[in-house]
Amino acid sequence: MAILKVARMGHPVLVRKADPVDPSHVPRPEFQRFINDMIETMRDAPGVGLAAPQVHVPLRLFVMDPGPTEAGREGLAVVVNPELTFPGPEKIRLWEGCLSVPGIRGLTERWAEVEVRCLDRDGRERTHSLEGFPAAVVQHETDHLDGLLFLSRMPDLTEVAFEEEYARYRAENDSPPSED
Ligand code: NI
């Protein structure tokens with residue numbers, strides 16, 4: 001396995017729409033190796049999610065591991081060709097970070113619930129129903145596949161902070177931040 005280089009804000013790969021994965025490619029050894037490298041890169045960072053464009057590969061897949069939540073344990077997931085639907089009207093706000101926007105956090109607005117149809121790492125069709133933090137991670141990562149960073153999901157651009165100022169002035173009163 002290998003740690004991959006993460007593209008930073010300003011790199012063209014982060015603002016283009018990624019291409020669908022050919023499902024017949026998923027079982028191939030080189031594709032499986034790439035998934036393993038993405039997982040290792042996410043864990044090394046450390047982060048709770050990593051999308052392929054962030055490691056300079058413009059394909060529609062991401063890995064995520066949002067960890068335990070109030071709703072229960074959400075384990076590692078490999079998500080290929082996601083299609084999102086939003087079953088409820090509720091939204092949540094949370095402070096997000098991004099491995100491609102190092103050192104910065106911003107208060108974003110996301111759908112509280114999401115249903116994800118996708119392929120898993122074995123190429124099988126899967127559906128995940130998520131809410132709260134894991135749902136926000138899915139939306140953050142899917143945005144990467146569409147060329148969007150979390151800054152585009154901030155209703156109020158005054159709610160952006162460097163890590164140090166976030167920790168000093170904002171963290172106590174807010175939900176845990178994510179680093180995707
Ligand atoms: Ni990100």
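Trainee: Which strands does α2 lie across, and at what angle does it run to β2?
Mentor: α2 lies across β1, β2, β5, β8 and β9, at about 150° to β2. Angles run from 0 to 180 degrees between N-to-C directions, and axes are lines fitted to C-alpha atoms, for helices over the stretch in contact. The model is predicted: local features need pLDDT of at least 70, side-chain atom pairs 80 or more, while totals for chains, interfaces and linings use all residues. Residues are numbered from 1 along each chain, and side-chain values use heavy atoms, without hydrogens and water.

Trainee: What makes β8 and β9 a pair?
Mentor: A pair needs at least two DSSP bridges. β8 (113-119) and β9 have 7 and run antiparallel, so they count as paired. Val116 stands opposite His128 in β9. Strands themselves are DSSP runs of E, at least two residues; helices are runs of H or I, at least four.

Trainee: What does helix α1 touch?
Mentor: α1 (29-44) touches β1, β2 (61-64) and β5. Contact means heavy atoms within 4.5 Å.

Trainee: Why are β1 and β9 called edge strands?
Mentor: The open sheet has the order β1-β2-β5-β8-β9. β1 (49-51) and β9 each pair on one side only.

Trainee: What makes a space a pocket?
Mentor: On a 1 Å grid over the protein atoms alone, a pocket is an open set of points with protein on both sides within 12 Å along at least five of seven lines. Lining residues have an atom within 4 Å of a point. The largest pocket has 14 of them, with Phe86, Trp111, Gln139, Asp143 and Arg153 nearest its centre.

Notes:
1 Å grid on protein atoms, 1.4 Å probe; cavity = no way out; pocket = protein on both sides within 12 Å on 5 of 7 lines; lining within 4 Å.
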